[in-house]
Every structure is written in C-alpha cells, then in structure tokens.
Amino acid sequence: MGTQKWVTTLKKALYGLKQAPRAWFEKFFIVISSLGFVSSSHDFALFIKCTDASRIILSLYVDDMIITGDDIDGISVLKTELARRFEMKDLGYLRYFLGIEVAYSPRGYLLSQSKYVADILEQARLTDNKTVDTPIEVNARYSSSDGLSLIDPTLYRTIVGSLEYLTITRPNIAYAVHVVSQFVASPTTVHWAAVLRILRYLRGTVFQSLLLSSTSSLELRAYSDADHGSDPTDRKSVTGFCIFLGDSLISWKSKKQSIVSQSSTEAEYRAMASTTKEIVWLRWLLADMGVSFSHPTPMYCDNQSSIQIAHNSVFHERTKHIEIDCHLTRHHLKHGTIALPFVPSSLQIVDFFTKAHSISRFCFLVGKLSMLVAAAS
C-alpha cells in the first residue's frame, strides 16, 4: 500500500519565514511610493508626503503604523487607499502602540507602559509588597564573580530583556538596567537581587509617564557625560547622554565604552563623540519631518579639558592615541553643527545615566527629565 505525502503550500505569511519581513516591506514600499510618499534616507521605515501647504508622516513597524500630519483630508484618503490594498484596521486616535500607552493633556502627550510594568511584576512573582525610592543602590559596583550562580537563569534573562524594552518610556531606570544587563550570560544571586530592587522601584512608580510637551520650542539641546573607569572588572567607563527637543526628552543612552580610557578627559571626549553622532542623526531626521535648524545644537559638558581638545586641533601629545572617529566632535564643532557650552557638574542632567545617586539627587534629576506621575491609560 502506497504512502500518502501531504504538501502544504504557504501562500501568505508575515511572521515565521526569514524572507517574509523583506517581502512585506518591499510590497508596502511599492504601494506607499505610488501614493506620493518618500522614504526618509535616515529611517527607511519613515515615510513622508509633502506639499506646499501640508505634510503627512507615516511611521511603520512591521505591520503596525502611526499616521500623523496637518492634512486631515489627505490622511483620510491615505487610509482609504491602504484599506483597499491591504487588510487593515483603523484604531482611531493613538492610544496604545507596541505596549506604549499614549494619553493627551493640555501640556502635551504622556507616554507610559504601566500595563507592561504590571505584567513584568507578575512574571517576576515577587512575594512581598516592598518599594524603594531608587532603582539601584548608591555606589553600587557589580562584577561577574559576585554571589552564587543561579540554577536557572531563564527568569533573570526574561525580566532583564523586558526591562530593556521598558526603558523606552522610563529613562529613570536606564542606568540600573544597563548594569544588570551585563550579566545575562551568567547571572548570580547578587545580580538577581539588583533586578529585584529595580522591580520594587517600578512597583512604587507604576504610573510614571514621559511628557512630550506640546508648547515648548523645537530646539535641540544635548548633555554628555562619562563616568571614568567605573567598571570594577575591566575599568571601562560609562557613556551617558540625553537629548531634548524643547522641553521633551527624546533620546538617551547609558552604555559602557568599548575600550579603556586612560583619563577622565578621554572618557568624556569619547562620550561627546557618541552624543555628536546622535545629534547629527536627529537633526537629519527632524529635517525630513520639516523641522530644520539654523543654529548649532548646544551639547553641554562638565569637563573643560575635553571641550578644549575639541576646540584645539594641535593637542598631539594628549590626543594622538585617540581614534579618528572620536574627532568627529571637532569636525562638527568646526562646521557649526554643535556648540560646546560648559555646565557645572551639579547641574549636569546626564549624570543620571552614568552612576547611581542618593535619593535627593535622584529625585532632583528625575524632575529634569519631564517625567510625571500620571496614568496614561
């Protein structure tokens, strides 16, 4: 008796196949281009349609999209055309997108992930109701040899991965998450205790939201800082930066530098190079959306020596060992893309992203990040 062989033909797919995302994007690109939209050269998932009187912006993430602009009729036509070409659902005004809750107020837009926080806390199975005032202890220094290895590191990795995504709207945990994410390969009981502290902080600040102001100016300003040699294992420094559009915090980072810096000045200069690259990209991206800048973007730094190095091209003895890409800062300073005003360390906002702080200092810095305690749902 013969054996029957069944063959399944997959006609349509978006998830699961390696080439599906590419094929879907290619199809969408053809359709959206036929409707007069142009892809931004600085973010290929951002599509823009401009006329003399209006502008429509579409941001795509896989098969989810946000459409905005000042042409209401044009947006209606766009949605009708997309619905004719694809199976799609119009969810109305933006309220929820990829786990991010959006609320409106007279002051602007509030972004939060309160439901996502609740899901993380449930997944972690905390057995107490304790809360803490800061996500990481003051002067905390962790190494891979601290504590005993976890028998099953799966939960640690899952929670830390979730916390990484949570930093999209919670810059106040960015440094703490940066610390615990360094140990996902081989976490220990000490590292898990650090994660639990972050979760207890989140439990007390579930409804903390990031405010995107609707009334402030559209001017960029940046802050750059570094904590020299702070890693106890490899003595690498931590880069931190944050960038505001008017009063709204739109970009930030807390990341260990790739090589060891020989001085605090060198560490600061490397951080300035990273911040410069982000500023340049944001200026390009905002220009695509119709926000252009005629003045240099101020990048505040609290290290006079690194500012002087950026201004002085003949500091050969002090800078000959620094990679060429670090001198990117000097190039953009010379060409008027950035300016380098000095800021005292006591007022350096980005200090928040390079080290742990006391409760009073932590609260002071959070207050500078345009964060509010309000439910975005």
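Predicted model: local features only at pLDDT ≥ 70, side-chain atom pairs only at ≥ 80, totals over all residues.
**View 1. Tyr109, a partly exposed residue in a nonpolar surface patch.** Tyr109 is partly exposed because its relative accessible area is 41%, where partly exposed lies between buried, under 20%, and exposed, over 50%, with a 1.4 Å probe and protein chains only. Tyr109 sits in strand β7, residues 108-112; strands (E, at least two residues) and helices (H or I, at least four) are DSSP runs numbered from the N terminus. Together with Tyr93 and Tyr104, Tyr109 makes a nonpolar surface patch of about 390 Å². Residues are numbered from 1 along each chain as its sequence is written, and side-chain values use heavy atoms, with hydrogens and water left out.

**View 2. The second largest pocket, with a volume of about 380 Å³.** Gln257, Ser258, Arg270, Ser274 and Lys277 are the closest to the centre of this pocket among its 16 lining residues. On a 1 Å grid over the protein atoms alone, a pocket is an open set of points with protein on both sides within 12 Å along at least five of seven lines, a cavity is a set where a 1.4 Å probe fits but cannot get out, and lining residues have an atom within 4 Å of a point. Two or more lining residues come from each of β10 (238-245), β11 (248-256) and α7 (264-288), and α7 gives the most, with five. By class, the lining holds eight charged, four polar and four nonpolar residues.

**View 3. The largest cavity, with a volume of about 140 Å³.** Of its 13 lining residues, Tyr175, Val179, Gln182, Asp231 and Pro232 are the closest to the centre. Helix α5 (residues 174-180) supplies the largest share of this lining, three residues. Seven of the lining residues are nonpolar, three polar and three charged.

**View 4. The second largest cavity, with a volume of about 90 Å³.** Pro135, Asn172, Tyr175, Phe352 and Phe362 are the closest to the centre among the 14 residues that line this cavity. The largest share, three residues, comes from α5, and the lining divides into 10 nonpolar, three polar and one charged.

Notes. Points joined across faces, edges and corners; volume = space filled by probe spheres on them. Nonpolar A, V, L, I, M, F, W, Y, C, P; charged D, E, K, R; others polar. Patch = residues over 30% accessible without salt bridge, like charges linked within 9 Å, V, L, I, M, F, W, Y side chains within 5 Å. Areas by Shrake-Rupley, 256 points an atom, 1.4 Å probe, with all protein chains shown as cover. Salt bridge = Lys/Arg side-chain N within 4 Å of Asp/Glu carboxyl O.
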